[in-house]
Amino acid sequence: MTIAQKLNMALSYKSISQAELARRIGTTPSNLNQKAKKNTLTKEELEQIADVLGGTWRAEFVFDDGTVI
């Protein structure tokens, strides 16, 4: 599964749009989309995204209720 697929699943799970996530992490939706598609999100960016979504990044998104994406 690609980072983009994992990100989209996590966004769906948390009912947050990619545009809203981009706003919350201080970037544009276009930039976030391109970085996800090209698999160029840094570990720090993935950790920030997971934090905003209320989870943890461990090469996957892990949520308090045990859901892993």
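Modeller: This is a predicted model, and it holds 2 aromatic pairs. Take Tyr13 and Phe63 to begin with. Their ring centres lie 4.6 Å apart, and their planes meet at 45°. Tyr13 belongs to helix 1, residues 3-14, while Phe63 belongs to strand 2, residues 61-63. The pair therefore ties together parts that are 50 residues apart in sequence. Tyr13 has 33% relative accessibility, so it counts as partly exposed. Phe63 has 5%. Buried means under 20%, so Phe63 counts as buried.

The other pair joins Trp57 and Phe61. Here the centres are 5.1 Å apart and the planes stand at 70°, which makes the pair edge-to-face. Trp57 and Phe61 are both buried.

Now step back to the chain. It has 4 helices and 2 strands. Along the sequence they run α-α-α-α-β-β. The radius of gyration is 11 Å, close to the 11 Å that the globule rule gives for 69 residues, so the chain is as compact as a globular protein of that length. Its C-alpha atoms fill a box of roughly 30 × 20 × 20 Å along the principal axes. Of the 69 residues, 33% count as buried. Contacts also reach across the sequence. Among those with a separation of 6 or more, 44% join residues 24 or more positions apart.

Next, the surface. The accessible surface of the chain is about 4,100 Å², and 47% of that belongs to carbon and sulfur atoms. As for charge, there are 9 positive and 8 negative side chains. The centres of these two sets are 7 Å apart.

Finally, look at two loop residues. Ser15 sits in the loop between helix 1 and helix 2, residues 18-25. Ser15 is not a glycine, yet its phi is positive, at about 55°. With a relative accessible area of 67%, Ser15 is exposed. Asn39 sits in the loop between helix 3, residues 29-37, and helix 4, residues 43-53. Asn39 also has a positive phi, about 60°, although it is not a glycine. Its relative accessible area is 52%. Exposed means over 50%, so Asn39 counts as exposed.

Conventions
Residues numbered from 1 in each chain as written. Predicted model: local features only at pLDDT ≥ 70, side-chain atom pairs only at ≥ 80, totals over all residues. Heavy atoms only, no water. Phe/Tyr/Trp six-rings, centres within 6.5 Å; stacked < 30°, edge-to-face > 60°. Buried < 20%, exposed > 50% of the residue type's maximum accessible area, 1.4 Å probe, protein only. Rg over C-alpha atoms; globule rule 2.2 N^0.38 Å. Contact = heavy atoms within 4.5 Å. Areas by Shrake-Rupley, 256 points an atom, 1.4 Å probe, with all protein chains shown as cover. Lys, Arg positive; Asp, Glu negative; His and termini not counted. Charge placed at Lys NZ, Arg CZ, Asp CG, Glu CD.
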